[in-house]
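Reader: I'm new to looking at protein models. Please take me through this one step by step.

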Amino acid sequence: MAFLDFRGGSGRVQIVSKRRATCGRHSWSPRVGACVQRTHLVRKRALLGGSNKPRLHVGSGAMEGAMQTESKIRADSRTEPGPRGPGCSLRHFACEQNLLSRPDGSASFLQGDTSVLAGVYGPAEVKISKEIFNKATLEVILRPKTGLPGVAEKSRERLIRNTCEAVVLGALHPRTSITVVLQVVSDAGSLLACCLNAACMALVDAGVPMRALFCGVTCALDSDGTLMLDPTAKQEKEARAVLTFALDSVERKLLMSTTKGLYSDAELQQCLAAAQTASTHVFRFYRESLQRRYSKS
Amino acid sequence: MRETTLTSSTSTLVHTTLPSTYQKETLGGRTEGGRSEGKGRIFSPVIGSTVLSRTVEPLEYYRRFLKENCRPDGRELGEFRTTTVNVGSIGTADGSSLVKLGNTTVICGIKAEFGAPPTDAPDKGYVVPNVDLSPLCSWRFRSGPPGEEAQVASQFIADVIENSQIIQKEDLCISSGKLAWVLYCDLICLNHDGNILDACTFALLAALKNVQLPEVTINEETALAEVNLKKKSYLNIRTHPVATSFAVFDDTLLIVDPTEEEEHLATGTLTVVMDEEGKLCCLHKPGTHFPSVSVLNM
């Protein structure tokens, strides 16, 4: 795993500073060797069970009063455990990083009852047939919970891959491959958004240089036009339209969008605005979880 | 059609000092003097005394044209290629169509067969689309199981059929729980010159309008289906979804109906499917930056 991302560049300061935090106690120098040693030490300690560094961060994700749109907001009235607060809110989410020993980076993201496990290998050796001369080859593999991967998985893999390609600085690692493997652990709605979040956290854990973080947000529109964020499986089934967006952390730009169902142009704008507001909370959660992880090392 | 005078695309004539001047070109984004600015539409991408080649630096070559708001094949940024449709040419299929968007050619054949309706929806038939991108259409594809692009396109067509409710699936049911029509739609690309999704959607719609299903009655005594081939009726097409694809260049420019070269050079693509009432059935934007939401409004 190369550490070439340390050589400046304001866009990457966020990620870099986190890594630097881990090397704070050593006399850090911009050589490949120095930080690798430190990471190995940390991992070894974790394996031996000696680390008391918190890896699990739980966020509440509630966002009452944050909605600025004029859309009708319906209070969530499900009977599932942990109901959301009044107003349009995201489900309870949690993230755990560095839980697998073999991949370079791994993360598990939980949104309500939907859970996805992601592992990142890279930058690593690439097949000659797949190599690109000036940037890294990104590959995404999505495994469903049951059954063999089908055409729908391929389509989702393409969406996630294109989103990652937009943020990962592939030009720093030409002729290498970065593989993101996602395993669906449980699916209770908003699966694609959860996959995107897990992939982002895993890429951060692996130390892959990125120009921004990204997150996935799902919106559902039901037959009378009410907007629901982060719908459950039941809500998705009953909805008239389900829209999933991937947004970046720097300017909340739209990176990816995929939709299902019929909706009007105005409704699209409404959903996009709601998704942009919701993404602030997800990014805040990312930041808190990373801060917690690196502050106690 | 606009005439564009350029060196031929196979020429590799490059000035010996190209590297250094080129560096300034791409970094600065400004061209030296010698560029013909807006002199009608006869355009030659000449910088100083160097000649830009399509094969050596395709992106810069394209940028010259985009600055003048046109494209190498002479189209405007918002202009579509000439579209040709031929319906009902395949005799053995129940419905067929051939669509040409410029050079992109897609043929769609629909076969209707009997099948058992799915257990969770006993009064509905189903439609099975399949997009086949063979090595015939482009050098990028190899023979064997469907590659990623073919699978993504198949999923896209399935989503369009599902979302736009182009046909009522209940119309395909013959006997609830026992017998229903299954429409196998095979979309074969004969020539891939970009914008495959638009062509496939169009071919599918044209072929569905061409499908004629014979009348089927269930004989109560033998419980067998009797097909009356003499009496055929068309499918009831409820909406007419139309797909439009755009290629995004340098995060600011949207060009309509990209060719394969443009798709390859673009920073991203966007496909929007709308029906007659202006409702969006699908907004497929697989990745890369998008400048702002207002661009979506265009």
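Predicted model: local features only at pLDDT ≥ 70, side-chain atom pairs only at ≥ 80, totals over all residues.

Author: Let's start with a term: rings of Phe, Tyr and Trp (its six-membered ring) pair if their centres lie within 6.5 Å, and planes under 30 degrees apart count as stacked, over 60 as edge-to-face and the rest as tilted. Residues are numbered from 1 along each chain as its sequence is written, and chains are lettered from A and ligands numbered from 1 in the order in which they are written.

Reader: Okay, which residues form one aromatic cluster?

Author: Look for Phe and Tyr rings in chain A. The ones that form one cluster are Phe93(A), Phe109(A), Phe283(A), Phe285(A) and Tyr286(A).

Reader: What kind of aromatic pair do Phe283(A) and Tyr286(A) form?

Author: A pair of aromatic rings is described by the distance of the centres and the angle of the planes. Over all chains, a search of the whole structure finds nine aromatic pairs. For Phe283(A) and Tyr286(A) the centres are 5.8 Å apart and the planes make 75 degrees, which makes the pair edge-to-face.

Reader: Let's move to the strands. What is the strand order in the open sheet of four strands?

Author: Strands of a sheet pair through backbone hydrogen bonds, either parallel or antiparallel. Two strands count as paired if DSSP finds at least two bridges between them. In chain A, this open sheet has antiparallel pairing and the order β8-β7-β9-β10.

Reader: Which strands are the edges of that sheet?

Author: An edge strand here pairs on one side only. In this sheet those strands are β8 (227–229) and β10 (254–261) of chain A.

Reader: Which residue in β8(A) stands opposite Cys219(A)?

Author: β7 (residues 214–221) of chain A runs antiparallel to β8(A), and three bridges join them. Across from Cys219(A) you find Leu229(A).

Reader: Now the helices: at what angle do α3(B) and α4(B) cross?

Author: Axes are lines fitted to C-alpha atoms, for helices over the stretch in contact, and angles run from 0 to 180 degrees between N-to-C directions. The axes of α3 (residues 148–164) and α4 (residues 196–210) of chain B come within 10 Å. Angles under 35 degrees count as roughly parallel, over 145 as roughly antiparallel, 65 to 115 as roughly perpendicular and the rest as oblique. α3(B) and α4(B) are therefore oblique to each other, crossing at roughly 45 degrees.

Reader: How are α3(A) and α3(B) placed to each other?

Author: α3 (residues 151–167) of chain A and α3(B) have their axes 8 Å apart and pack at about 105 degrees. Val151(A) and Arg158(A) are among the residues of α3(A) that meet α3(B), where Glu148(B) is one of the partners (contact means heavy atoms within 4.5 Å). The two helices are therefore roughly perpendicular.

Reader: What is the phi of Asn98(A)?

Author: Most residues other than glycine have a negative phi, and most peptide bonds are trans. Asn98(A) lies in the loop between β2 (93–97) and β3 (105–111) of chain A, and this residue is buried, with a relative accessible area of 11%. Its phi is positive, near 60 degrees.

Reader: Which peptide bond is cis?

Author: Go to β4 (residues 114–124) of chain A, where Pro123(A) is found. With omega near -10 degrees, the cis bond runs from Gly122(A) to Pro123(A).

How values were computed:
Heavy atoms only, no water. Buried < 20%, exposed > 50% of the residue type's maximum accessible area, 1.4 Å probe, protein only.
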